[in-house]
Every structure is written in C-alpha cells, then in structure tokens.
Amino acid sequence: MRGLLLDQVTRQVEGRTLLDQLDLQVAEGECVALLGPSGCGKTTTLRVVAGLDPLSTGRIVLDGHDISQIEPGQRRVGMVFQSYALYPHLTVAENLTLGLRIRGVPSSEREERLAKILALLQLEDLRLRRPSQLSGGQRQRVALGRALLRQPRLMLLDEPMSNLDAQLREELRPELRRLLTSEGHPVLYVTHDQQEAVGLADRIAVLDHGRLQQVADPRELHRNPANRFVASFIGRPAINLFPAQAGRQLAVRPEHLHSVEMDGIPAQLLRAEWGGSQQVLWLESSAAGLLRMLWPAATSPPAELRVGWDPGDALAFDERTGARLPRCEPAWSRDLIRSMQK
C-alpha cells in the first residue's frame, strides 16, 4: 500500500498519554490536516511520524514498510516547522542545497535539483538573496523547498504559516496547496486555523486529548459531526448548544437560527459584528444563555426577537457521552422551544 498508515499509535510520557491508539491513513498525493485545540497531540503526531519522539505502542507504515524503529534521517521525511530556521548568512540557493552538500550529493546533481525546485517555487530571481532580504512568504517557500529537496516520501508541516499575517496566509494558501500536491507525496499538515485546514486539506483529522475524534472532508465534518466535541470545535461562529433534556442535548448552527413571529425563544441583542455580506448577532436568552445567529448586513436587527430553527437542521447528542444520536425528531425541537418559553 502506498502512503502513510498510523496503526494504533500510542505515545506516553511519565504516565501521561499524549497519543491514544491513533489510527490514521494518508493516501499518496493526499493532504490530511491535523486540527484540534492546543495540547491535543497534533505536533506530537508529527514528531512521532518523523522519528523525533519514540512510540510507546503501535506501528508507523510508509509505502508498505514499517518505519517505526528506523532512525529519523533514514525515513525520507520532509519536515517544515513553524519557524523557518534559515541560515541568515547563506543565500537562498545555499540554504536550499546545504543538506545536499552535507549528504555528499555531487555538484552537477545539486544544481539540477536546485534549478527544478527554484522554478517550482518561483524563486529563480531570488537565489542570491539572503533571508533578511525576503518577505515572510518567500522565506516560507524556501523552507518548503529545502524539505522538498530531500526527495521525501512523506511531507510533514507544523503550522508553517503561523508567523505570517492573515492576508498573506490567505494569499499563499492556493500556492501552498499546489506545491504540496505537485510531487504526489502524502502530506500531514498541522494547523490551529480552521480556514487554513479547509483551504489546504482533502480531509481533516480532529484530535482531542490525543484521541482521534473524526476524519472526514470539511463539509462532512460541518454537516455530520461524529460527536459534540467535533460539532463545537468545527465551524465559525461556533454552534449553539441548548440545555439538555431527558438525556439528550440539541445543537443548532448559527446559520440555521432565524427570527420567528411566534413560538420562538425570546432573546435580546447584545452586539452585532459586521462581516461583509452578513452580521453575526450575539444574543442573550434567559433560558438558553448566549446564542449566535447570522443576519443580513443590509438590515439592522431588532433589540429583541424570538429565534427558532427548522427541526431538520438540529443535531442531537447524548448528554453524558457527547456521542451523536442517529436522529433528531422534530418533536424534540418543539418540546425544547416550548420549555424555554416558560
């Protein structure tokens, strides 16, 4: 099998479980983003795959070969870190080829591979510049090129754009996606930015406390979250969680809330955040607490309103375990709204 396989991968340190029986596959040419809160195990996963941290149990298989016990330098993994780690006194070309020189790659081959990577990264005109003469996006491309020059079988990226401003990250996403998929490597990409994950990845793996919660494409994660954690973590503005009743808890995304004339939940407007074509309303309900709702940008929302939703848009979870319940009966929504009108 081509690609990467993590089979029951566990990492424990001093009695703490950082990764808990992680199962994950990344196909050849596929980009999978690791997404989750701080401390969930994203970077630990990369370090274990790269061989920088040891496994406690499980296997890491790359292109059908178990690499779990192979030294990091022998795994043919290209890794790009949050910091670019470029040598300030070396030019772009020298930074790119330093690893090849250390490994004794002949000069003619170094030049051939350098020319190819400079063209791929659109850095030909910058080969003689030093890092201080480059923009943040250009330095990021040099760091990526250095990893690609290793001719890796797998690419690992740990928040490589987190040091860039929001506009530059947005501009670079399509280019980075092109670069990552151009060589056909499997790619594991760590980020805390949901928009970045959606823009770059074929699938997203959501982690929490070292455990894999769900792996799916972005649309599936949003529409059919496996549990309450995924529903709450995925999506901006965040999903609305309503008080539990009879062991189940309902949730409705902000885009599915709407103003109703009758039989809705009374709420007061706290503030409205303008977002171009729409506003995000922050509402306070004595029965439901803080609610988030989308509103057209062209009109002003009232100070007080009633909110409701179509029953088919509501998600239901087990109150105790957080697991997604298979169906959300319309009667549940009606009963919940009725109870919060009292």
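Residues are numbered from 1 along each chain as its sequence is written, and side-chain values use heavy atoms, without hydrogens and water. In this predicted model, local features need pLDDT of at least 70 and side-chain atom pairs count only at pLDDT 80 or more, while totals for chains, interfaces and linings use all residues.

Trainee: How many aromatic pairs does a search of the whole structure find?
Mentor: Rings of Phe, Tyr and Trp (its six-membered ring) pair if their centres lie within 6.5 Å. Planes under 30 degrees apart count as stacked, over 60 as edge-to-face, and the rest as tilted. By that rule, the search gives two.

Trainee: Are the rings of Phe229 and Phe233 stacked or edge-to-face?
Mentor: Their centres are 5.7 Å apart. Their planes are at 10 degrees, so the pair is stacked.

Trainee: Is Phe233 buried or exposed?
Mentor: Buried means under 20% relative accessible area, exposed over 50%, and partly exposed in between (1.4 Å probe, protein chains only). Phe229, at 23%, is partly exposed. Phe233 has 15%, so Phe233 is buried.

Trainee: How many residues apart are Phe242 and Trp309?
Mentor: Their rings form a tilted pair, with 4.8 Å between centres and 35 degrees between planes. Phe242 is in the loop between strand 11 and strand 12, and Trp309 in the loop between strand 17 and strand 18. Strands are DSSP runs of E, at least two residues; helices are runs of H or I, at least four; both are numbered from the N terminus. The pair links distant parts of the chain, and the separation is 67 residues.

Trainee: Which backbone oxygen does the side chain of Gln194 reach?
Mentor: Gln194 lies in helix 6 and is buried at 15%. Beyond residues up to four places away in sequence, Gln194 touches Leu35, Phe233, Ile234, Gly235 and Arg236, where contact means heavy atoms within 4.5 Å. At 2.4 Å, the side chain reaches the backbone oxygen of Phe233.

Notes
Polar contact = N/O pair within 3.5 Å; in protein donor to acceptor, adjacent residues only side chain to side chain.
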